[in-house]
Amino acid sequence: MNQSILEVRHLRTLVALRDSGSLVRAAQLLNLTQSALSHQIKLLEDRYGQPLFERKSVPPQFTAVGERLLALADAVLPQVEGAERDIARLVLGQGGQMRIAVECHTCFDWLMPAMDAFRTRWPEVELDIVSGFHADPVGLLHQGRADVAIVSEVDGDEAGVDYHALFGFEIRALLANTHPLVAKPHLVAQDFADQTIITYPVPDDMLDLIRQVLEPAGVRPPRRTTELTVAMLQLVASGRGVAALPLWAVQSYLDRGYVTARPIATGPGDKGLRGELHAACLPSLSAKPYLQDFVQVTRETSFVTLKGVELL
């Protein structure tokens with residue numbers, strides 16, 4: 001039999017295609033161009049003389065050949081990744097801790113699943129969440145009270161801190177189903193002028209809607225605050241005001257028709273209001289294999305499972 005051309009990267013490509021649901025998203029997940037990813041797939045199809053999946057199906061429907069390679073990937077990749085983690089433990093020592101501080105109220109929707117996945121991979125690393133909401137989680141790094149801070153912006157003036165990109169996401173306006181603004185395909189700053197904005201109890205500069213849209217336009221509507229996402233949506237549904245939240249945080253409520261969402265334009269011809277999340281840590285932690293794996297696991301699980309997420 002001829003020598004196999006299969007490589008680990010080929011198996012990862014097929015898993016990414018299955019998990020992400022499209023060639024475009026698989027390329028983003030693997031940090032490849034779509035052309036490079038398509039080339040890998042064509043190489044395998046030429047080798048085996050059969051397509052690996054149906055090109056017109058969304059999500060892709062794998063052929064018998066593709067399914068067999070996926071089965072191989074599911075068996076081999078966990079062993080490869082486990083061996084790499086074991087080698088890192090042997091070389092650099094075992095153990096460690098990651099105390100995570102967050103500045104966003106909705107972070108737990110994606111952070112908890114990522115932490116659960118990480119624990120199965122690094123059981124010897126003590127993982128914990130610094131309790132409470134923190135307006136300045138990066139400050140906790142310098143104080144030794146946290147090891148990782150989840151933040152929405154990279155502060156280029158912050159010395160002695162490394163930032164690891166997690167993901168970007170779409171933020172949409174949330175309206176009562178009978179609200180007059182539902183008739184508009186998207187909202188602009190002036191649409192909020194006579195509305196009550198329902199937000200979390202945080203400073204203005206921590207709210208993307210205010211920082212990116214309303215403040216530049218000179219629009220300053222009244223605010224009403226609440227700690228809970230579900231309370232915010234209840235207020236919106238009852239016509240007490242409007243809100244702006246990540247699409248992934250409210251998708252289940254939209255699916256049930258509880259409220260209505262509309263894109264928020266930040267300027268002419270833009271794609272809509274977007275936010276970002278990054279993991280900040282001190283440089284001494286950046287070199288740890290378990291920190292690098294935590295960032296990778298978080299990026300992958302969030303990209304695959306959350307609506308409206310793009311990798312940075």
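Buried residues are those with under 20% relative accessible area, exposed ones have over 50%, and partly exposed ones lie in between (1.4 Å probe, protein chains only). The structure is a predicted model, in which local features need pLDDT of at least 70, side-chain atom pairs count only at pLDDT 80 or more, and totals for chains, interfaces and linings use all residues. Residues are numbered from 1 along each chain as its sequence is written, and side-chain values use heavy atoms, with hydrogens and water left out.

Helices (H or I, at least four residues) and strands (E, at least two) are DSSP runs, numbered from the N terminus. Helix H9 spans residues 247-255. It is largely enclosed by the rest of the structure, because 7 of its 9 residues are buried. The buried residues of H9 are Leu247, Trp248, Ala249, Val250, Gln251, Tyr253 and Leu254. They pack against H5, E6, helix H8 (229-237), E9, E10 and E12, where contact means heavy atoms within 4.5 Å. Just after H9, glycine 257 adopts a positive phi of about 70 degrees.

Strand E6 (residues 162-175) is likewise largely enclosed by the rest of the structure, because 11 of its 14 residues are buried. Two strands pair if DSSP finds at least two bridges between them. E6 runs antiparallel to strand E11 (residues 274-281), with 8 bridges joining the two. Within this pairing, phenylalanine 169 has glycine 275 of E11 as its bridge partner. Strand E12 (residues 309-311) pairs with E6 over 3 bridges, in the antiparallel sense. There, glycine 168 is bridged to glutamate 310. Strand E9 (residues 243-246) also pairs with E6 in the antiparallel sense, over 4 bridges. Alanine 173 stands opposite alanine 244 of E9. Strand E10 (residues 260-263) runs antiparallel to E6 and is joined to it by 4 bridges. Leucine 174 stands opposite alanine 261 of E10.

A cavity is a set of points where a 1.4 Å probe fits but cannot get out. A pocket is an open set with protein on both sides within 12 Å along at least five of seven lines. Lining residues have an atom within 4 Å of a point. Grid points are joined across faces, edges and corners, and a volume is the space filled by probe spheres set on the points.

The whole structure holds 1 cavity of 30 Å³ or more. The largest cavity has about 400 Å³ of space. It is lined by 28 residues, of which Cys104, Tyr200, Met206, Leu207 and Asp208 are the closest to its centre. Two or more lining residues come from each of E6, strand E7 (197-199), helix H7 (208-217), E9 and E11. E9 gives the most, with 4 residues. By class, the lining has 21 nonpolar, 4 polar and 3 charged residues. Here Ala, Val, Leu, Ile, Met, Phe, Trp, Tyr, Cys and Pro count as nonpolar, Asp, Glu, Lys and Arg as charged, and the others, Gly among them, as polar.

The largest pocket has a volume of about 980 Å³. Its lining comprises 33 residues, with Arg12, Glu81, Arg121, Gln296 and Glu300 nearest its centre. Helices H1 (8-20), H2 (23-30), H4 (64-92), H5 (108-121) and H11 (289-305) each give two or more residues to this lining. The largest share, 9 residues, comes from H4. The lining of the largest pocket divides into 14 nonpolar, 8 polar and 11 charged residues.
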